[in-house]
Number of protein chains: 2
Amino acid sequence: MLTYSFANLQGESIYIHLYKCIRQDILEGTLKAQEKLPSKRMLAKNLGISLITVENAYAQLAVEGYIYSEPRRGYFVSTLQQAPATKQPQPLLTPKQPAQEVPPLLSFAKSSVPPDTFPYNTWARLLRNTLTSADEHALISDTATGGVLPLRKALAKHLYQFRGLNVAPEQIIIGSGTQTLYNLIVQLLGRSHIYALEDPGYPQLAAIYRTNDVFCRYLPMDEQGIQAEVLESSGADILHITPSHQFPTGITMPVKRRYELLHWASQKSSRYIIEDDYDCEFRLFGKPIPPLQSIDKAEKVIYINTFSKTLAPTFRISYMVLPPHLASLFYAKLGFYSCTVSNFEQFTLAKFIEDGYFERHINRMRTYYRNKRDHLLQYLAACPAAKALQVEGEDSGLHFLLHLATAAGDSQLREVALKEGLQIKFLSDYYHHKLSDNSHTLLMNYTGIEDERLYPALDKLFGALLPYLKI
Amino acid sequence: MLTYSFANLQGESIYIHLYKCIRQDILEGTLKAQEKLPSKRMLAKNLGISLITVENAYAQLAVEGYIYSEPRRGYFVSTLQQAPATKQPQPLLTPKQPAQEVPPLLSFAKSSVPPDTFPYNTWARLLRNTLTSADEHALISDTATGGVLPLRKALAKHLYQFRGLNVAPEQIIIGSGTQTLYNLIVQLLGRSHIYALEDPGYPQLAAIYRTNDVFCRYLPMDEQGIQAEVLESSGADILHITPSHQFPTGITMPVKRRYELLHWASQKSSRYIIEDDYDCEFRLFGKPIPPLQSIDKAEKVIYINTFSKTLAPTFRISYMVLPPHLASLFYAKLGFYSCTVSNFEQFTLAKFIEDGYFERHINRMRTYYRNKRDHLLQYLAACPAAKALQVEGEDSGLHFLLHLATAAGDSQLREVALKEGLQIKFLSDYYHHKLSDNSHTLLMNYTGIEDERLYPALDKLFGALLPYLKI
């Protein structure tokens with residue numbers, strides 16, 4: 001007869017404890033396969049516990065398949081096949097998550113948003129309103145493909161007013177970051193096409209297409225971006241570009257080139273252009289460049305934008321505008337997907353845009369960035385390295401290029417900076433087909449760094465680089 | 001000389017208006033390619049506006065490529081190639097978004113969460129705390145792959161306490177819904193494997209694998225789930241199952257079968273089991289079934305769970321637990337991905353779990369669901385159709401099966417219900433390889449429907465079905 005102690009339950013209920021003891025005996029072979037278990041009544045009496053307790057324990061063991069019952073005969077131990085432990089049993093071996101990079105003192109390598117500029121109070125208030133006053137059904141139950149209608153309406157209006165796009169809310173698909181949208185685009189357009197990317201370009205974009213088993217061509221650019229002839233001879237059907245502000249070169253594609261690319265797209269029904277408008281809001285001079293989408297008459301452009309640069313990257317809200325016939329295809333082919341952004345944040349963002357907070361936030365940020373850039377340019381013009389520095393692309397977006405008059409290689413200078421605890425990236429780091437290992441051109445990502453850290457870091461950087469520069 | 005009126009600016013700045021007028025003339029051919037524009041000074045004088053205004057307009061046109069400057073000669077109109085409008089120019093043709101289904105009066109076809117049970121106040125309070133007190137950098141800038149550490153730690157602790165899983169936080173990957181995680185799994189394990197799915201099963205799962213160009217086998221089940229021999233002969237490497245509560249049959253896989261499947265997986269290094277534990281929290285009798293992952297010694301199980309059923313589907317937070325060696329592969333291969341869930345909600349959910357709110361919420365919901373089920377079972381036992389109804393799988397999860405004693409076909413009964421404004425689904429709707437068009441078995445999804453609507457709808461349903469039932 002089974003005998004277990006109930007002395008040390010540590011808060012466990014008696015039936016769970018009994019269930020665990022019997023399971024242990026089965027797993028260890030103390031109770032053999034096909035062995036008959038004592039009747040519930042007998043066991044209850046023997047252990048001095050209630051019948052219902054034994055019944056519950058047996059029921060749980062039976063539900064999980066450790067034991068089985070035969071009518072009028074009672075309970076028996078099941079025959080279990082133990083999986084052989086082919087690997088050494090050390091399941092708690094911690095996987096290596098590449099340690100958020102041993103944090104360098106400061107990085108100019110990645111674009112970021114200054115954390116203290118986020119409109120926390122407004123957001124918290126609007127979110128609270130969303131939680132307390134929105135239609136509960138819409139908030140909790142409606143996982144509509146593409147996003148909730150109020151947000152898509154607010155975006156359509158915003159796009160009309162600020163980007164000159166005339167689109168229906170149904171053409172707008174909300175997603176949790178542009179990475180999510182790129183994945184959807186591959187599923188929408190298919191893996192059998194060749195995709196053309198800008199070289200140099202955004203490395204994560206290439207990585208996403210690669211893990212999607214999509215064949216990519218990396219096309220060189222002239223000073224206006226990708227050329228239609230190069231594109232034509234590449235055999236690509238899908239072109240992914242950043243025409244407002246090419247990353248990382250900063251090229252703004254002129255309208256002539258835009259028409260040439262649209263013409264290329266119009267030549268075959270399978271051709272499309274993905275227009276990645278990732279930081280168009282932050283043209284620091286003049287007005288924003290009208291997107292390709294606004295002059296596309298042949299339904300060939302998929303427009304993508306994000307709130308990562310305007311609000312915060314951790315916010316994970318982006319959207320794309322599909323041409324009407326692709327939107328219909330989207331609903332037919334991918335309509336089973338739920339939107340990947342929480343409704344709480346979708347409704348809140350809709351209100352944030354509708355009530356004018358978003359426009360004001362962007363205007364404030366544009367001024368903030370312009371001032372920050374002006375200070376930085378003044379600093380660069382006056383610093384000891386000034387004569388060896390040439391700024392390019394300072395009028396748009398959140399980074400610019402800094403050409404260095406130097407004979408030293410990019411990797412050598414990168415090492416020099418790293419010794420000072422500074423992470424820097426060169427234009428050459430973004431090439432797929434490297435023309436040269438040395439671009440002598442720094443990417444200046446500085447917008448997210450507070451001045452108190454920025455200027456001491458720059459003093460350090462140029463101090464360290466100075467011996468390598470041609471002054 | 002160009003002449004434009006500035007009488008009707010409607011709030012536009014003069015330079016923008018001038019820019020638009022000149023652009024219009026270029027696009028319409030009034031200004032010809034290569035034509036020289038008036039000098040800035042001349043134009044300013046002529047139009048009676050300031051020089052700086054003309055300068056700004058010309059600069060914007062030049063940046064966008066409509067005009068170009070030649071040193072000392074002035075500005076010229078660019079040669080533009082207009083894209084032919086291959087499609088009729090009606091860009092505002094609204095795409096058809098399948099109208100959220102013409103809403104039937106009520107649907108028993110889809111699982112849902114009762115919207116009034118969401119802990120709005122607690123959530124709003126915790127969220128406000130997150131926004132005002134969390135580390136700004138972590139909140140705004142850290143888009144760590146896999147999710148923020150506090151949430152992953154809270155989940156690891158929760159999984160240990162409530163599901164018996166002993167995992168490191170780094171093994172946990174947060175994603176915006178299980179759909180997002182399925183996509184990541186395909187990218188992690190690759191498209192060259194055959195994936196095996198349960199038949200009948202969750203149709204959206206098959207759709208996701210299909211749009212990922214993955215080859216799927218749909219395997220039949222016996223009363224314990226998928227059999228190892230069937231699996232072996234299918235040629236599949238990856239098995240995706242719902243062992244705690246098979247959808248839609250409700251089968252709980254017994255432990256013997258679990259060991260057999262683990263044994264199958266251990267036979268080849270490329271084999272893995274995806275364990276979809278989508279509603280394990282709502283076993284309404286006894287304790288939750290321990291997951292496969294907890295008895296896996298060979299690092300073969302990927303465990304997936306979601307907050308869609310426990311909190312809200314619109315919440316879009318799910319997670320998976322990768323075996324250590326797959327977690328390492330994930331960081332190496334997919335580490336470029338940002339987490340797809342907003343940090344605001346990740347930090348808030350971490351607090352919600354840590355402070356015990358989640359456990360209390362689940363317990364409250366389990367009681368709520370148990371009461372709701374008990375009422376429904378009493379209703380079914382007493383209703384006029386009672387003798388023709390047989391309930392199955394009522395002890396676990398958020399739906400059960402209702403066998404109907406009827407000679408009528410499933411589609412006929414579906415029509416009958418639809419005429420009453422009721423949407424119902426049959427077991428036969430979930431088969432890939434249909435054994436028969438008629439399962440005579442309804443899926444009862446009722447948890448999200450308020451009693452005031454539920455019972456009148458059921459009265460209506462069984463009233464309409466009654467003539468077809470064998471009483």
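Visitor: What makes the side chains of Lys256(A) and Glu260(A) a salt bridge?

Guide: Their N to O distance is 2.8 Å. A salt bridge asks for a side-chain nitrogen of Lys or Arg within 4 Å of a carboxyl oxygen of Asp or Glu, so the pair qualifies. Before we go on, please note that this is a predicted model, in which local features need pLDDT of at least 70 and side-chain atom pairs count only at pLDDT 80 or more, while totals for chains, interfaces and linings use all residues. Residues are numbered from 1 along each chain as its sequence is written, chains are lettered from A and ligands numbered from 1 in the order in which they are written, and side-chain values use heavy atoms, leaving out hydrogens and water.

Visitor: Why are Lys256(A) and Glu260(A) said to be separated by about one helical turn?

Guide: Because they are 4 residues apart in helix α10 (residues 255-266) of chain A. Helices here are DSSP runs (H or I, at least four residues), as strands are (E, at least two), numbered from the N terminus.

Visitor: Is Glu260(A) called buried or exposed, and why?

Guide: Buried means under 20% relative accessible area, exposed means over 50%, and partly exposed lies in between (1.4 Å probe, protein chains only). Glu260(A) has 14%, so it is buried. Lys256(A), at 29%, is partly exposed.

Visitor: How do you know that Lys268(B) and Asp237(B) form a salt bridge?

Guide: Their closest N and O atoms are 3.6 Å apart, which is inside the limit, so the name applies. The pair links distant parts of the chain, 31 residues apart. Lys268(B) sits in the loop between α10 (255-266) and β8 (272-276) of chain B, and Asp237(B) in the loop between α9 (228-234) and β7 (238-241). With 40% relative accessible area, Lys268(B) is partly exposed; Asp237(B), with 9%, is buried.

Visitor: What makes Asp222(A), Lys256(A), Arg257(A) and Glu260(A) one network?

Guide: They are joined by salt bridges that share partners. Over all chains, the structure holds 28 salt bridges.

Visitor: How do you know that a salt bridge joins Asp213(B) and Arg191(A)?

Guide: The N to O distance between their side chains is 2.8 Å, so this pair meets the rule as well. Across the interface of chain A and chain B, 2 salt bridges are found. Asp213(B) also follows α8(B) and has a positive phi, near 55 degrees.

Visitor: Why is Thr211(A) called buried?

Guide: Its relative accessible area is 12%, so it falls on the buried side of the cut-off. Thr211(A) lies in helix α8 (residues 203-211) of chain A. Leaving aside neighbours within four places in sequence, its contacts (heavy atoms within 4.5 Å) include Gln187(B), Arg191(B) and Tyr337(B).

Visitor: How many residues does each chain bring to the contact?

Guide: Chain A and chain B bring 112 residues each. About 9,600 Å² is buried between them, with carbon and sulfur atoms giving 60%. Buried area is the accessible area (1.4 Å probe) that two parts lose on being put together, summed over both. Ile140(A), Tyr259(A) and Thr314(A) supply 7% of the area that chain A buries against chain B, more than any other three residues.
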